[in-house]
Amino acid sequence: MIMNTVIDAHNISKVYNKETIPVYAVNNVHLHIERGEFTALVGPSGSGKTTLLNLIGGLDKPDDGQVRINGLDITGLSADQLIDFRLKNIGFVFQSFNLIPVLTAKENVEFIMQLQGVERSKRDARVKQLFDQIEMADKLDSRPAQLSGGQQQRVAVARALATKPQFVLADEPTANLDSQSAANLLDIMAKLNKEEQITFLFSTHDQRVIDRARRVITLVDGKITSDTAAVSTKHGHAGGKK
Amino acid sequence: MIFIMAWRNIWRNKMRSMVIILSIAVGLFAGIAVLALYKGMMKSRVRTVIDAEVGHLQLHDINFKKDYEPKFVLTDGASILKTVSSMPAVKLAAPRSITTGMLSTTTGSAGVQINGVVPQLEYEASQLKKKIVAGKVFDPVKNNEIMIGQKLAKKMKLKVRSKLVLTFTDTASNMVSGAFRVTAIYKSDNTPLDEKNVYITMTDLNALLGISSGFHEVMLLLKNDEDVNKVQQELKQLFPAYQVESWREISPETDFMVKTTDQYAYIIMVIIMFALAFGIVNTMLMAVLERTREIGMMMALGTNRVRVFALIFLETVFLTLAGTPIGILTGWGTSAYFNKHGLDLSGMGRDMMGSFGFGTMIYPEFPADKLLVVMLIVTGTAIFSCLFPAIKAVKLRPVEALRR
């Protein structure tokens with residue numbers, strides 16, 4: 001069971017303005033995420049969702065506590081080690097798409113695999129598979145500017161999954177999408193979660209996303225106030241911990 | 001992929017990239033232009049020194065040039081002249097008798113170097129005939145004619161057919177004088193020499209100096225510039241008792257200028273490159289700052305610092321490579337045009353150029369031998385200029401960059 005713990009955040013805190021008026025963006029948080037979970041991190045704006053994701057993703061370091069990914073304490077890694085660690089272990093989906101504008105959809109996905117040194121034939125096969133899964137096989141050569149917001153976010157998800165990471169962190173992935181695009185994206189994420197057993201942790205205050213999550217963690221003022229199985233079971237994915 | 005990204009990135013803001021490309025092209029063009037101009041000027045100066053002033057080599061009595069005393073004559077001048085004229089590398093050998101003295105008129109006097117020449121040889125040796133701006137060449141049947149420089153003519157208020165008196169000491173150290181009539185006024189590219197040198201026939205000068213046979217100097221023009229050292233060595237062996245000097249020894253200031261030209265040109269280039277560097281730093285920094293979020297996202301996804309650095313570096317290299325051929329072609333085209341038609345710098349001041357011994361018509365020469373150095377300087381500048389923006393990019397913290 002311990003071997004299945006992907007994310008283990010232990011008493012982590014992040015404080016801003018330490019010298020003047022300290023603000024706890026994340027305050028003594030414990031969090032365990034198991035392999036294959038599809039978890040929503042919810043809370044009002046400023047509750048610390050993005051900061052917590054940054055700490056878990058190794059983009060920022062906690063002032064206190066430890067973050068263990070697959071048992072490795074990443075808080076002790078250097079900036080360069082963290083870059084390498086993120087490349088090999090974590091997929092990111094950002095709120096505002098963040099595709100590289102000069103690369104085509106295919107190249108955006110392929111880029112991460114190339115950084116990992118994946119050989120061309122395997123890259124091509126994986127790209128084909130992912131674009132089939134996100135239902136954008138006809139948009140391989142489109143530049144981000146030629147894609148809709150929803151399509152860009154689907155490419156971002158494909159990119160996050162390209163190297164089969166340990167888990168995917170998605171920061172408000174549907175915030176800039178219309179209902180239909182958001183629903184499509186969630187369908188794809190849920191399908192990939194199920195098919196590839198990839199762990200998803202996403203911050204959101206979008207009820208559509210919360211409805212699809214199997215576990216919902218609520219964060220208020222940097223503290224976890226609740227951690228429950230999702231109330232909605234309409235998609236049959238309910239079944240979180242605690 | 002980094003290559004593709006770098007190439008496409010430079011076309012994201014076409015206007016900005018074109019500004020950098022043109023800056024690099026202009027920098028390269030300026031570098032080539034400066035070198036071409038200097039090379040042209042130096043070549044012209046060297047040609048003037050060789051063809052119109054001192055020749056390739058000169059031969060004197062070993063004591064003559066210490067004080068220009070007229071007694072130090074090449075007494076076996078005729079035999080020397082015959083020997084050197086028969087050397088295959090020698091194009092022309094011209095004898096000269098030389099002394100220093102005073103030129104006097106009713107209005108004043110001036111110190112001059114009096115050159116006694118064999119007119120027909122001197123017209124070719126120092127292009128004296130071509131330099132005449134007023135009057136006519138020496139009359140073969142008349143005596144006591146003199147050619148003076150325009151600068152001296154103005155100073156002494158002399159015109160063609162004016163009379164003047166030359167006073168100097170003869171070989172026995174007696175003061176002698178001779179009255180001369182100006183037959184021609186000449187003008188060369190070297191104003192200070194025009195003010196100093198006057199020409200009379202060797203027959204007239206030798207008669208006044210009391211030289212029955214011989215002269216003071218043999219000036220040699222060679223067929224090829226490259227033969228100077230070789231012929232100088234041969235002459236030293238043939239005439240060990242005489243002083244054999246090359247134009248580099250006779251005109252050390254010209255030799256110094258030639259040797260330091262490249263350094264001056266490179267100093268000017270470095271100044272131009274500084275301006276170019278600031279332009280590139282500014283533009284590349286803007287490019288980095290505009291893409292802070294994108295670079296932060298790339299680093300968040302796992303792009304390491306080396307690759308981020310390489311991206312900015314490659315963008316600068318591509319811009320440099322795009323600008324380089326433009327700069328070289330325009331530099332080559334411009335120098336080729338002016339090499340053919342000449343670049344008239346008389347607008348900058350004819351007297352000023354002349355006072356430094358330069359003609360006002362310059363024929364810039366494309367510095368093919370320096371092209372690699374120029375390209376290396378420009379490329380080095382561009383690469384050096386990208387360091388600051390590239391370091392700025394690699395120092396970005398993804399978490400902060402993504403917030404922007």
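**Exercise 1. Determine how far helix 13 of chain B is covered, and by what.**

Solution. Helix 13 (residues 292-301) of chain B is mostly covered, with seven of its ten residues buried. Helices (H or I, at least four residues) and strands (E, at least two) are DSSP runs numbered from the N terminus. A residue is buried if 20 or more other C-beta atoms, placed from the backbone, lie within 10 Å of its own, exposed if 12 or fewer, and partly exposed in between. The buried residues are Ile295(B), Gly296(B), Met297(B), Met298(B), Met299(B), Ala300(B) and Leu301(B). Their cover includes helix 2 (79-89), strand 6 (90-93) and helix 3 (105-115) of chain A. From chain B, helix 14 (305-341), helix 16 (371-394) and helix 17 (398-401) also take part. After helix 13 of chain B comes Gly302(B), with a positive phi near 125 degrees.

The model is predicted: local features need pLDDT of at least 70, side-chain atom pairs count only at pLDDT 80 or more, and totals for chains, interfaces and linings use all residues. Residues are numbered from 1 along each chain as its sequence is written, while chains are lettered from A and ligands numbered from 1 in the order in which they are written.

**Exercise 2. Describe the packing of helix 12 of chain B against helix 16 of chain B.**

Solution. The axes of helix 12 (residues 252-290) and helix 16 of chain B are 8 Å apart, at an angle of about 30 degrees. Axes are lines fitted to C-alpha atoms, for helices over the stretch in contact, and angles run from 0 to 180 degrees between N-to-C directions. By class, this contact has 17 nonpolar, two polar and one charged residues. Here Ala, Val, Leu, Ile, Met, Phe, Trp, Tyr, Cys and Pro count as nonpolar, Asp, Glu, Lys and Arg as charged, and the others, Gly among them, as polar.

**Exercise 3. Characterise the contact between chain A and chain B.**

Solution. Residues are in contact if their C-beta atoms, placed from the backbone, lie within 7 Å. The contact takes 19 residues from chain A and 18 from chain B. On the side of chain A, helix 2 and helix 3 each supply at least two residues. That side divides into eleven nonpolar, three polar and five charged residues.

Technical notes. Two residues are in contact if their C-beta atoms, placed from the backbone, lie within 7 Å.
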